[in-house]
Amino acid sequence: MFVPLHDNTPLKVIRFQFVTLAIIVGNVVIFLMTGAFQSDLFLANVATSFGVVPSDITLGVPQSAIPEPLTFVTYMFLHAGWIHLISNMLFLWVFADNVEDAFGYFAFTLFYLLCGIAGAFAHVMMTPDSPAPLIGASGAVSGIIGAYVLLYPKARIWILLFYRIPLRISAIWVLGGWFLLQVFSVLTAGTDSDVQVAWWAHIGGFIAGLVITLVLRSRLLIRTAN
């Protein structure tokens, strides 16, 4: 529905968003190695081997190339195509720097991974019979969005509404609206688990980010206070 372009929230503690940049570079490099120039069959094999497959987990018949619990981390560094990759990395670049600023380098890294794991867990719990592998950074990025809207609700964000209309709007409206859209989408997606994959990961990651940030909010605000 919209593309984030820029926000007006400056960094106050860290000099540069090194962890955010490292995550973006890592995702791009992995995509270039696995999906950008490979066949659909190759990508499908990678997704099955390193993505989260709910039916494998719930039925205890793993197909992954690594221990099944590790796929809750590896899945968030794989993407299905250029649009999938770019959209996730754009959201990450616009919103993660300030969340990294609030948490600090190490805590932000842990926070990012926990939100991604929570997104995958929510997906598995809500679509336990799905044989479709879940891949992408959406769960972790959704956690970033949850943290940002709680820490910087009044921040002004430039977006492209409907991918073409430039608009400057408060974070609470654009990101709150984004979450409501995820909930609406999962409620209207029907029973096709393949369709619901991304929505549950988004919702689970967002709630995890919101809860973790809510628990630590007073400390985070003190850290970034002038």
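User: An angle here runs from 0 to 180 degrees between N-to-C directions, with axes taken as lines fitted to C-alpha atoms. At about what angle to S1 does helix H5 run?
Analyst: The model is predicted, and the angle is computed from its atoms. Helix H5 covers residues 82–103 and lies across two strands, S1 and S2. Relative to S1, the direction of H5 is turned by about 35°.

User: Which strands stand at the edges of the sheet, and why is one side of each left without a neighbour?
Analyst: The sheet is open and antiparallel, with its three strands in the order S1-S2-S3. A strand at the edge has a single partner strand, so one of its sides is left without a neighbour in the sheet. That is the position of strand S1 (2–7) and strand S3 (165–170).

User: How many bridges join S2 and S3?
Analyst: Strand S2 (residues 156–161) pairs with S1 in the antiparallel sense over five bridges, and the bridge partner of His6 in S2 is Trp158. On the side of S3, Arg156 stands opposite Ser170. The S2 and S3 strands form a hairpin with three residues between them, and Phe162 in the turn has a positive phi of about 55°. The antiparallel pairing of S2 and S3 has a bridge count of six.

User: Are the rings of Phe95 and Tyr148 stacked, tilted or edge-to-face?
Analyst: A ring pair with planes over 60 degrees apart counts as edge-to-face, and one under 30 degrees as stacked. The centres of the Phe95 and Tyr148 rings are 5.0 Å apart and their planes stand at 70°, which is why the pair is edge-to-face.

User: How many residues apart in sequence are the parts that the pair of Phe95 and Tyr148 ties together?
Analyst: Phe95 is buried at 0% relative accessibility, and Tyr148 is likewise buried, with a relative accessible area of 0%. Ring pairs also link both of them with Phe2, Phe91 and Tyr152 into a cluster. Because Phe95 lies in helix H5 and Tyr148 in helix H7 (residues 138–151), the pair ties together parts whose separation in sequence is 53 residues.

User: Is the crossing of H7 and H8 left-handed or right-handed?
Analyst: The axes of H7 and H8 come within 10 Å and cross at roughly 145°. The contact between them includes Ile145, Tyr148 and Val149 of H7 and Leu175 of H8. The crossing of H7 and H8 is left-handed.

User: Is Leu43 buried or exposed?
Analyst: Leu43 has its place in helix H2 (residues 40–50), and beyond four places away in sequence it touches Thr34, Gly35, His79 and Ala80. The cut-off for a buried residue is a relative accessible area under 20%. With a value of 14%, Leu43 is therefore buried.

Notes: Residues are numbered from 1 along each chain as its sequence is written. This is a predicted model: local features need pLDDT of at least 70, side-chain atom pairs count only at pLDDT 80 or more; totals for chains, interfaces and linings use all residues. Side-chain values use heavy atoms; hydrogens and water are left out. Helices (H or I, at least four residues) and strands (E, at least two) are DSSP runs, numbered from the N terminus. Buried means under 20% relative accessible area, exposed over 50%, partly exposed in between (1.4 Å probe, protein chains only). Contact means heavy atoms within 4.5 Å. Two strands pair if DSSP finds at least two bridges between them. Rings of Phe, Tyr and Trp (its six-membered ring) pair if their centres lie within 6.5 Å; planes under 30 degrees apart count as stacked, over 60 as edge-to-face and the rest as tilted. A crossing is left-handed if the near helix is turned anticlockwise from the far one by less than a right angle, and right-handed if clockwise.
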